[in-house]
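Q: I have just opened this one and would like a slow walk through it. Could we take it piece by piece?

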Amino acid sequence: DIESKLSFVILPLFALAQNRLSKKEVHSIFQLFSYSVVLACLLAVLLSYFKTGQLLTNQELAITIGLHASYLSLYAAFALFFFVQKALQVKKLLPIIAAMLLSLCLLFLSARMVLLATTIAFASWVVFFQFSIKRLLLLFAAVGIIVIGIVSIEGARVRFKEAFDKSERVE
């Protein structure tokens, strides 16, 4: 466990000691990270399905690849921004498919704060930086899909119900 936590100290120090990366190098690193997250999410979903015969949610899904649901959700949200921006720029199918897969993974992971922060960040991005009626309609559709996903995926519904159920809270 110390090895994984040590990377959070050593890697930033190593990065600071190096020469500045060019924009192209940073983009390549971000792209490699984003595709790696898509593969990790796909692997988690496939492993969970083939091991149990059903799609798992939250911790049960993330643990199939040895991660905590919050971490995998954060990685997926970070990569989602990359693929949405890429889909708007190049208008190809692969970034759209990757963004859809990451969105589904975020719903199945059901990390409430990550879903909320991602939704707010996308809403802010559309309203303040990418405003158009078409994108605003896409944003409303995306929020609607998130709400429908939360309601229809039992694990997500339970996680969100826990947050609002006052009878379970300790005061």
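**Helix α7 and its surroundings**

A: In helix α7, the residues Leu136, Leu139, Gly149 and Ile150 are buried, where buried means under 20% relative accessible area, exposed over 50%, and partly exposed in between, using a 1.4 Å probe and protein chains only. Seen down the axis of α7, these buried residues fall within an arc of 145°, so they line one face of the helix; the arc is that of the directions from the helix axis to the C-beta atoms.

Q: Before going on, what kind of model is this, and how are residues numbered?
A: This is a predicted model, in which local features need pLDDT of at least 70 and side-chain atom pairs count only at pLDDT 80 or more, while totals for chains, interfaces and linings use all residues. Residues are numbered from 1 along each chain as its sequence is written, and side-chain values use heavy atoms, with hydrogens and water left out.

Q: Fine, so which residues are exposed on the other side of α7?
A: Among them are Ile133, Lys134, Leu137, Leu138 and Phe140, and Ile145 is also exposed, with a relative accessible area of 55%. The C-alpha atoms of Ile145 and Ser103 are separated by 9.8 Å, although these residues are 42 residues apart along the chain.

Q: What span should α7 have?
A: At 1.5 Å a residue, the 20 residues of α7 should span 28 Å, and its end C-alpha atoms are 28 Å apart, which agrees; the expected span is 1.5 Å times one less than the number of residues.

Q: Stepping back, how many helices and strands are there?
A: The protein chain comes to eight helices and zero strands, where helices (H or I, at least four residues) and strands (E, at least two) are DSSP runs numbered from the N terminus. Its C-alpha atoms fill a box of roughly 55 × 50 × 40 Å, taken along the principal axes, and 28% of the 171 residues count as buried.

Q: And α6, which residues are buried there?
A: Val114, Leu115, Thr118, Phe122, Trp125 and Val126 are buried in α6. Down the axis of α6, the buried residues fall within an arc of 100°, so they line one face of that helix, whereas Met113 and Phe128 are exposed on the other side.

Q: Changing topic, what volume does the largest pocket have?
A: The largest pocket has a volume of about 1000 Å³. Of the 27 residues that line this pocket, the closest to its centre are Val84, Ala99, Ser103, Leu138 and Ala142. A pocket here is an open set of points on a 1 Å grid over the protein atoms alone, where a 1.4 Å probe fits, with protein on both sides within 12 Å along at least five of seven lines, and lining residues have an atom within 4 Å of a point. The volume is the space filled by probe spheres set on the points, which are joined across faces, edges and corners.

Q: Which helix gives the most to that lining?
A: That is α7, with nine residues.
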